[in-house]
Amino acid sequence: MAVLEIDGVSKHFGGVAAVNRVSLALEAGRIYGLIGPNGSGKTTLFNCITGLDRRDAGRVLFNGERIDGLAPYRIARKGIGRTFQVTRVFPELTALENLLVVTRGSVGDAERRALELLRFVRLEGLRNEFAGNLSYGQQKLVEFVRVLMREPSLILLDEPAAGVNRTLLNDLLEAVRRLRDEGKTVLLVEHDMKVVMGLCETVFVLDYGEKIAEGPPGLIQADERVIEAYFGR
Ligand SMILES: Nc1ncnc2c1ncn2[C@@H]1O[C@H](COP(=O)(O)OP(=O)(O)OP(=O)(O)O)[C@@H](O)[C@H]1O
Ligand SMILES: [Mg+2]
């Protein structure tokens with residue numbers, strides 16, 4: 001059974017079909033890519049999955065259960081975590097506190113988990129630094145591990161590598177692979193084809209809100225429709 005199944009999902013803004021009858025399915029323990037030119041609907045599709053945008057049509061199933069129509073916090077609690085294209089850290093909280101803000105339950109357990117996650121992306125030495133003083137790439141890593149505090153089984157990453165330097169990027173890619181090895185499912189929006197090629201087993205391509213291709217990254221790169229979408233106008 002698919003972890004996530006998107007079935008004919010559409011979302012319009014006025015006359016614009018931001019997402020147009022998109023269907024796709026994700027299996028557990030794999031890393032998927034979502035690519036497409038600017039404005040092709042990638043972030044809107046994430047918003048339809050996580051409940052931030054209410055879809056106009058179609059169904060979203062998580063572990064076989066309909067989640068379209070649920071409030072974002074309920075979808076998050078079911079085990080879907082996401083990052084945002086524009087990083088959202090609290091600049092006046094420390095790196096550690098940025099992770100603790102999303103916790104419920106025992107503080108001691110949360111702190112242990114937060115420190116473990118900061119270590120996971122090699123930021124434990126900066127745990128008491130204000131997030132606002134961290135580099136852009138470090139802030140993105142903090143946001144990434146904050147998503148992991150609630151142990152989601154499906155993780156949606158919206159351009160996690162954009163603006164991240166090479167060293168931090170390697171830490172991030174390594175962390176994503178380890179999540180996959182733990183059985184988690186990852187769907188990431190990414191413009192850097194090298195990152196997509198190195199990480200993803202299957203890639204979905206959007207153009208004007210429609211899915212125009214799906215397959216292994218090597219084939220996708222050579223696909224006529226994909227090349228046309230990126231370079232043909
Ligand atoms: N809240 C909104 N109100 C009106 N139009 C929107 C809204 N959100 C997205 N759109 C439009 O929907 C389309 C898809 O936008 P979206 O942000 O999903 O694209 P994207 O693929 O994530 O682009 P990018 O690569 O630039 O991040 C665009 O035409 C955009 O202008
Ligand atoms: Mg976007």
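**View 1. The shell around ligand 1 holds 3 nonpolar, 8 polar and 1 charged residues.** Here Ala, Val, Leu, Ile, Met, Phe, Trp, Tyr, Cys and Pro count as nonpolar, Asp, Glu, Lys and Arg as charged, and the others, Gly among them, as polar. This is a predicted model: local features need pLDDT of at least 70, side-chain atom pairs count only at pLDDT 80 or more, and totals for chains, interfaces and linings use all residues. Residues are numbered from 1 along each chain as its sequence is written, while chains are lettered from A and ligands numbered from 1 in the order in which they are written. The shell residues (C-beta, placed from the backbone, within 6 Å of the ligand) include F13, V16, N38, K42, T43 and Q85. Both β2 and α1 give two or more residues. The largest share, 3 residues, comes from α1. Helices (H or I, at least four residues) and strands (E, at least two) are DSSP runs, numbered from the N terminus.

**View 2. An open sheet has 4 strands in the order β2-β1-β4-β5.** The pairing is antiparallel; strands pair if DSSP finds at least two bridges between them. β2 (16–26) and β5 (65–66) each have a single partner strand, so one side of each is left without a neighbour in the sheet. β4 (residues 57–62) pairs with β5 over 2 bridges. F62 stands opposite E65 in β5.

**View 3. L34 is in contact with K42, L45, L187, L188, V189, F204 and L206.** This leaves aside neighbours within four places in sequence. Contact means C-beta atoms, placed from the backbone, within 7 Å.

Technical notes:
Contact = placed C-beta atoms within 7 Å.
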